[in-house]
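Please read the following report alongside the sequence and the model, which are shown here. It takes up a pocket and its lining, then the pairing of strands, and then contacts between charged side chains.

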Amino acid sequence: MKPRSAEILPAGLREQVAAGAALRSFPKGAIIVNEGDNTDSLYILLSGRARVFVADADGREAQLNQIGPGEYFGEVTLDGGPRSASVMALEECRCAVVKRAELDAFLARNPAFALHVVQKLASRVRALTENVRSLALMDVYGRVARLLLELAEERDGRLAIDEPLTQKDIASRVGCSREMISRIFTDLAAGGYVVKEGGRLVILKKPPPRW
């Protein structure tokens, strides 16, 4: 498991970044950036939650991630290419926006932020490598078990997932149908591996790598 906090800007650094950037608000359901666009701003999420996803020409979607306060997106456009994914607000979001024309000077003034960007990109490369490995070598159950353990963090001696997750969200992330996820969770609950408590998913014991 990799703590989500590794990709979240510390509060002090977040305030420093926001002080030198334009601020924008987006209502729930708004598309903040579109996959394929040539816009090149960096967005730091100050409040709210958003989902990161890709889609094909038929409208089928695959969710890559959900992000919350202190996380940021748009750093991939540093190479001058188009947006690699879309981002939609799951609730009202407030963002600090740094335009590409200002980004070099911004990073020079904020070396701690520049280092954080490099570390996050390295973390994303590792995560993508593991995703390719799981898609190629794991069955659906194995991908679900891996996702749950990746998202879980220790809370009061137990593993819990604070991120709101629907079966549709999980299906989108692991590349299968929602009906398949429903069957897997029925089996995991019956086996005493997972339980829903207070709107969050709690892992009572580590799921086996294979079912």
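The residues that line the largest pocket divide into 19 nonpolar, 10 polar and 14 charged, where Ala, Val, Leu, Ile, Met, Phe, Trp, Tyr, Cys and Pro count as nonpolar, Asp, Glu, Lys and Arg as charged, and the others, Gly among them, as polar. This is a predicted model, in which local features need pLDDT of at least 70 and side-chain atom pairs count only at pLDDT 80 or more, while totals for chains, interfaces and linings use all residues. Residues are numbered from 1 along each chain as its sequence is written, and side-chain values use heavy atoms, with hydrogens and water left out.

The space in this largest pocket comes to about 1200 Å³. A pocket here is an open set of points on a 1 Å grid over the protein atoms alone, where a 1.4 Å probe fits, with protein on both sides within 12 Å along at least five of seven lines, and lining residues have an atom within 4 Å of a point. Among the 43 lining residues, Leu64, Asn65, Arg124, Leu128 and Asn131 are the closest to the centre of the pocket. Two or more lining residues come from each of E5, E6, H3, helix H4 (140–151) and helix H5 (167–174), and H3 supplies the largest share, with 13 residues. Helices (H or I, at least four residues) and strands (E, at least two) are DSSP runs, numbered from the N terminus.

Four strands form an open sheet in the order E2-E7-E4-E5, with antiparallel pairing, where two strands pair if DSSP finds at least two bridges between them. Strand E2 (31–33) and strand E5 (61–67) stand at the edges with a single partner strand each, so one side of each is left without a neighbour in the sheet. Within this sheet, strand E4 (residues 50–55) is joined to E5 by six bridges, and Phe53 has Gln63 in E5 as its bridge partner.

E9 and E10 form a hairpin with two residues between them, and Asp156 in the turn has a positive phi of about 55 degrees. E10 is also joined by three bridges to strand E12 (residues 200–203), which runs antiparallel to E10, and Leu201 in E12 is the bridge partner of Ile161.

The structure holds 12 salt bridges, a salt bridge being a side-chain nitrogen of Lys or Arg within 4 Å of a carboxyl oxygen of Asp or Glu. The table gives three of them.

| Salt bridge | N to O distance |
|---|---|
| Lys120 and Glu75 | 3.1 Å |
| Arg155 and Glu153 | 3.9 Å |
| Arg178 and Glu179 | 3.9 Å |

In the salt bridge of Lys120 with Glu75, Lys120 lies in helix H3 (residues 111–137) and Glu75 in the loop between strand E6 (72–73) and strand E7 (86–89), so the pair ties together parts that are 45 residues apart in sequence. Lys120 and Glu75 are both buried, where buried means under 20% relative accessible area, exposed over 50%, and partly exposed in between (1.4 Å probe, protein chains only). Arg155 counts as partly exposed at 29% relative accessibility, and Arg178 does so at 40%, as does Glu179 at 44%. A network of salt bridges links Glu153, Arg155, Asp162 and Arg200.

Technical notes: Points joined across faces, edges and corners; volume = space filled by probe spheres on them.
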